[in-house]
Amino acid sequence: MLARIARSFLCLTIGVVLVVLAMDTSSAQSRRTITGTVTDAADGTGIPAVNVLVKGTLIGTSTGIDGTYSLSVPTDAETLVFSSIGYVTQEVQIDGRSTIDVEMSQDIQFLDDVVVVGYGAQDEKEITSSVATIGEAEFNQGNVNAPAQLLQGKVPGLSIYNKGGDPNSTPTIRLRGISTVGANTEPLVVIDGVIGASLDNVDPNDIETINVLKDGSAAAIYGSRGSSGVILVTTKKGERSSSQTSGEDNTRINYNGYLAIDAIQNEIDVMSPSEYINAGGNDLGSQTDWIDLVTRTSVSQVHNLSVSGGSVNTQYRVSTNFRDINGILEGSGFDQINARANINHSAIDNRLNVSLNLASTKREQNFSFNEALRYAALYNPTAPVRFDNGQYFQAILFDNFNPVAIIEQNVSEGQRKDINFNAQADFAVTDNISVNANYGQQFRSLSVAEFYPSTSFFRGLNATGLGRRGFEDRKFTLFETYGQYRNSFDMINLDATVGYSFQEEFYEDFIIQLGNLPSDELGYYGMDLSGDPRINGIGNTVIETFGSPDERIIAYFGRLNLTYDDAIFFNASVRQEGSTKLGEDNQWGLFPAVGIGADILRYAPIDMMDQLKIRVGYGVTGALPGPSGLSVAQYTYDFNAQQITASNEPNPDLKWEEKAELNVGLDYALMDDRLRGAIDVYTRTINDFILEVDIPAAESITGATTQYQNVGELKTNGFEISLDYDAIVDQDMSWTTGLIFSTYNTTLEEFTIDEEMRANLGAPGQNSTDMIRVAVGEEIGQIWGPVFDGVADDGSPIFKDLNGDGQVIADQGNALADNGDFQQLGNGIPDFEIGWTNQFAYKNWDVNAFFRGAFGHSLVNTFRAFYEPIDPGAINSYNRIATDKAVDGLTVSQFSSLYVEKADFVKLDNFTIGYNFDTSEMSSFNRLRAYFSIQNAFTITNYSGIDPEPVLQDFGTVDNGGRPSDTPDVLSPGIDRRYNYFTARTFTFGVNIGF
C-alpha cells in the first residue's frame with residue numbers, strides 16, 4: 001500500500017515540479033507587468049473570468065471577481081487578446097503601456113442561454129417543458145467514477161442511489177419515480193446526439209454539461225426510448241482560435257489527477273468474542289475480527305490528460321483517462337483506461353459543419369465477493385481463520401462460510417470493452433433551411449470468469465471444483481437525419497423540424513458452468529477437463545446461449561416551435577415509431593406532445609422581478625418489453641433434465657406501454673437575477689404496463705407457465721422546487737447557495753389481481769415470508785406484516801390483534817386475509833428528497849459543501865430480522881447483531897414491525913476546499929489548482945443498518961452460496977438485503993493544471 005501511495009503522490013506532484021521549472025524559466029527572461037480592468041460596455045461593471053492572453057503564446061491569466069487582472073509579459077509582447085463566453089473577443093495593442101483597461105460588448109448570439117434538447121437546441125426562455133441543466137461548475141466533486149454520480153442530488157425529481165458504494169456496481173437511477181415495471185426503468189442517455197449511448201464509455205472528466213429532460217412533452221420526441229426521461233450529455237470540445245482572422249492554433253493541455261483513500265464509514269455491529277461466549281455461543285478458542293480481515297483502507301488514483309485547441313475552421317480535443325479504483329472489500333475494484341477524441345470542422349463559409357467523435361474504454365474488474373461481508377458479520381468470532389495444518393477453518397452448517405476463505409480461495413473477475421463512434425454533418429442549404437445527418441455505432445464486449453477450487457466450501461466443494469465463464473457481445477447502430485426550417489414573420493419566429501430515425505441492436509451471450517475438475521491449478525482455464533457433469537445426482541453443469549434477432553426501431557418525427565412577440569412560446573412534436581419487438585398488428589405507436597409558455601413580465605411588469613414565465617406541457621411516450629419475440633413461442637433446453645421446455649407463452653396481442661404526463665411549471669428570477677429557480681407540478685399515468693405473469697395451465701398452448709401481458713396502470717403525482725441564491729457578491733468574496741426539493745406518490749390503478757405479496761425474506765427459517773404488498777388503488781412500496789407487541793414466555797414474539805377479533809392470526813398464509821392481523825409497517829419510497837449546495841469563494845480559495853437527504857422512507861433491516869434474537873439453539877451457528885433495538889428475552893426470529901425502521905437521513909455528501917494559484921508569473925501555465933475533498937463526511941440518521949439510503953428495487957433473497965436475480969423487482973422497494981456493500985468515507989487529494 002505504501003508503494004502505491006508513493007507512486008500516486010509522485011504522479012500528482014509532477015505538475016508542481018513543472019511549475020517550479022516554469023517559474024525559473026520565466027525569471028530568466030526580461031519581463032514587465034501589465035494591469036487593468038475589464039468591464040461590460042453596457043453597465044460598466046467588472047467582468048470576472050475573462051481570458052487575457054499574449055497573442056501567439058500561452059502566457060495569460062483570468063480576471064478576478066471585479067474584472068481586474070495583472071499579467072507579467074515579455075518586453076517584446078505586442079498584443080493582448082481578451083475573450084469570454086458571451087462577449088466579442090478583442091485584440092488590443094500594448095504600445096508600451098503598463099495599464100490597459102478594456103470594455104467588452106456582449107455577443108448577440110450568446111445573449112440567451114442555449115439549452116440542448118432533443119434534435120437541436122433552444123433558447124432557455126423559449127422552453128415550455130421541464131428541463132434541468134447542470135454544468136461542470138455544479139458537478140459533484142471528489143472520487144467520482146460514474147457520470148451519474150455527477151448529478152446525485154442536483155436535479156429535482158432525479159433520484160440516484162448506489163447503496164454501499166461497491167466500485168463495480170452501477171447506481172440506480174429514477175426520474176420522477178417508477179416509469180415502467182419492465183425494461184427501460186432508467187432514463188435514456190444521449191451522448192453528443194447518439195441515442196442509447198452508454199454512460200460507461202464516457203469519463204466524468206470529459207463531460208461539459210448534462211441536460212435532463214424530465215417531463216413527457218420534452219421526452220416525447222424520443223418516443224419509446226424516452227419513457228423514463230432523457231439525460232443529454234455534451235462532452236468537452238476544442239475551442240476556436242482566440243483570433244478570428246488568423247489560422248493559428250491555440251492548443252491547451254490540461255491535467256487532472258487525484259489520489260483517493262477509502263475507509264469504512266459504517267459496518268454491522270456484532271457481538272465481540274466475549275459477548276458471544278457470554279450469550280451461550282460455542283467457544284472455539286480464538287478471537288477473530290472477521291470484518292477487519294475482509295475489509296481494508298483502500299487507495300485509488302485517477303489521471304486525466306487532455307489536449308485541445310483549434311483554428312477558426314477546425315477544433316479538436318483528445319483525452320486519456322486512467323483509473324485504478326479499489327474498494328474497501330478486499331480484492332474489489334477495477335483498472336480502467338478510456339480514450340476519447342472529437343474533431344469539428346467547418347467549411348463553405350461555415351455552411352457545412354462536420355464532427356467526428358470516437359471513444360474507447362477497457363475495464364479490468366475484480367468483483368471479489370460481497371457475500372464475504374455478510375458472513376464476516378455472522379461467523380463465529382471465536383473461530384480461527386485456519387487450522388494448525390494451514391487449511392481454512394470451516395464449520396459444516398447451512399449458510400455459514402469462512403469469509404476469509406471466500407475471498408482468498410475463489411476468483412470472480414471480468415473484463416468490459418466499449419467502443420463507439422459517430423459522424424455528424426450539418427449543412428445550411430439556405431439562410432433558413434439546414435439538414436443534419438448522424439451515423440454512429442456502439443460495440444460492447446463483456447466477459448466474466450469465476451473459479452471455486454475443490455477445497456472451497458463456498459460453491460466449490462460439492463462440485464469437486466467449479467468453473468464458470470460468461471460472454472456477451474452487443475452491437476448498436478444508429479442513423480438519423482432531419483431537416484430544419486427557421487424564419488421570422490413580423491412578431492413570429494418559427495422553427496420547424498422533420499426527421500427520420502433508424503436504430504438496430506443485436507446481442508448474444510454464452511454462459512458455461514462445469515464442475516468435477518481434475519485439478520485446481522488451472523483455475524477456470526481447466527474447465528475443458530471437466531468430468532461427468534452430474535455428481536451424486538446433483539447437476540452442476542450450466543450451458544446457456546442466446547442470440548437476439550436484429551431488434552429495430554424506425555421512427556418519423558416532427559417538431560414545431562413558435563415564438564410570438566418574444567413572449568408567447570408554443571412547442572409541439574409528434575413521433576410515429578415502429579418496433580420489431582411487438583406482434584405484426586401492434587408494431588407502430590404514435591407519441592404526441594404539446595407545450596405553451598408565456599413571459600408574464602412582458603405584459604405585466606412586477607418590481608424586483610427579472611423573470612416570471614409560466615409553462616404547461618403535455619406529452620405521451622411509450623415503452624417496450626425487454627425481450628424480443630414475445631409474440632411467438634420460445635423454448636429452452638434444460639441440460640440436466642435433458643428436455644426442451646417452453647420458456648413463455650406467446651402473446652401476439654402484446655402492445656406498447658404508454659405514459660401520458662401533464663406538467664405545469666413556473667420559472668422565476670428576481671433581485672437582479674440573484675434569486676432564481678423553478679416550480680413544477682406534474683401528473684403522469686402509465687397505461688398497459690408490461691409484466692411477466694403466471695398463467696393457468698389451462699390457458700397455455702405450449703405448456704409454459706408464464707406470459708408477458710399488458711396488465712395494469714400506474715399513476716404518479718409529484719411536486720418539485722429548485723432555488724438558487726447569490727447570497728454574497730463581493731469583490732473578494734462570493735457565496736451561492738442552492739436548494740432542491742422533490743416529492744411524488746405512485747399508486748397502482750389497475751392490475752390483474754386485486755392484491756398480492758412479493759419479495760421473499762429468505763433463509764434460514766423465513767423462506768415463506770413475503771414483505772411487500774401490492775394492491776389496486778393503493779400506493780406502491782407498502783412494507784406489510786404483523787405488529788410486534790412483546791415477548792412470550794417461550795421467547796417467541798407476541799403480535800397485536802389488529803382487527804380486534806380476540807385472536808392473533810399472523811402466519812404468512814393469512815397476510816391478505818380479512819381475519820389476518822397484518823398492516824402497513826412503512827413505505828420503501830421517500831416522502832421527499834432534498835439537496836443543498838453551497839459554493840463559497842474568497843480570493844483564491846473556493847469551498848463547496850453539498851448536503852443531501854431523504855425523508856419518510858422505511859427499510860427492512862434483514863440483518864436484524866435474522867440475527868438479532870438470541871436463540872440458544874442457533875447461537876452456536878451464527879454470531880448475533882448487537883444493536884440498542886434488541887428486545888430482552890426474544891429468541892425466535894420472525895419478521896414483524898420490530899425490524900422495519902424509519903431511515904430518514906441527512907448527510908454531508910461532499911465537502912471540497914481548493915486553492916487557485918496565481919499563474920500570472922508562469923509563462924507556460926494558465927491554471928493551477930489544488931484541492932482536498934471528503935465524500936460521505938457524516939450522516940445523521942436513526943437507522944441502525946449500514947446505509948439509510950432508499951432501496952428502490954429488489955434483487956431477491958440470496959442464501960447458502962446462491963446468486964441474486966438478474967432482473968430487479970421495481971414494485972418491491974425498501975428491503976435492505978444482507979448482501980449489500982459496506983459504505984465508505986473517501987478522502988481525495990487532487991490537482992488541476994492547465995498549460
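Two strands are taken to pair if DSSP finds at least two bridges between them. Helices (H or I, at least four residues) and strands (E, at least two) are DSSP runs, numbered from the N terminus. The model described here is predicted: local features need pLDDT of at least 70, side-chain atom pairs count only at pLDDT 80 or more, and totals for chains, interfaces and linings use all residues. Residues are numbered from 1 along each chain as its sequence is written, and side-chain values use heavy atoms, with hydrogens and water left out.

Strand 42 (residues 788-791) pairs with strand 43 (residues 797-799) in the antiparallel sense, over three bridges. Within this pairing, Gly790 lies opposite Ile798 of strand 43. Five residues separate the two strands of the hairpin, and Gly795 in the turn has a positive phi of about 90°.

A sheet comes next. Strands of a sheet pair through backbone hydrogen bonds, either parallel or antiparallel. In this protein, five strands build an open sheet with mixed pairing, in the order 10-15-16-13-14. Its edges are strand 10 (131-135) and strand 14 (194-195), each of which pairs on one side only. Strand 14 is joined to strand 13 (residues 188-191) by two bridges in the antiparallel sense, and Ile195 of strand 14 is the bridge partner of Val190.

The buried residues of helix 5 include the charged-type side chains Glu371 and Arg374, along with Tyr375 and Leu378. Its cover includes helix 4 (290-294), helix 6 (403-409) and helix 7 (862-867).

Turning to the whole protein, the secondary structure comes to seven helices and 52 strands. The radius of gyration, taken over C-alpha atoms, is 31 Å, close to the 30 Å from the globule rule (2.2 Å times the number of residues to the power 0.38) for 995 residues, so the protein is as compact as a globular protein of that length. Along the principal axes, the C-alpha atoms fill a box of roughly 95 × 65 × 60 Å. Of the 995 residues, 53% count as buried. Among contacts (heavy atoms within 4.5 Å) with a separation of 6 or more, 70% come from residues 24 or more positions apart.

Technical notes: Buried < 20%, exposed > 50% of the residue type's maximum accessible area, 1.4 Å probe, protein only.
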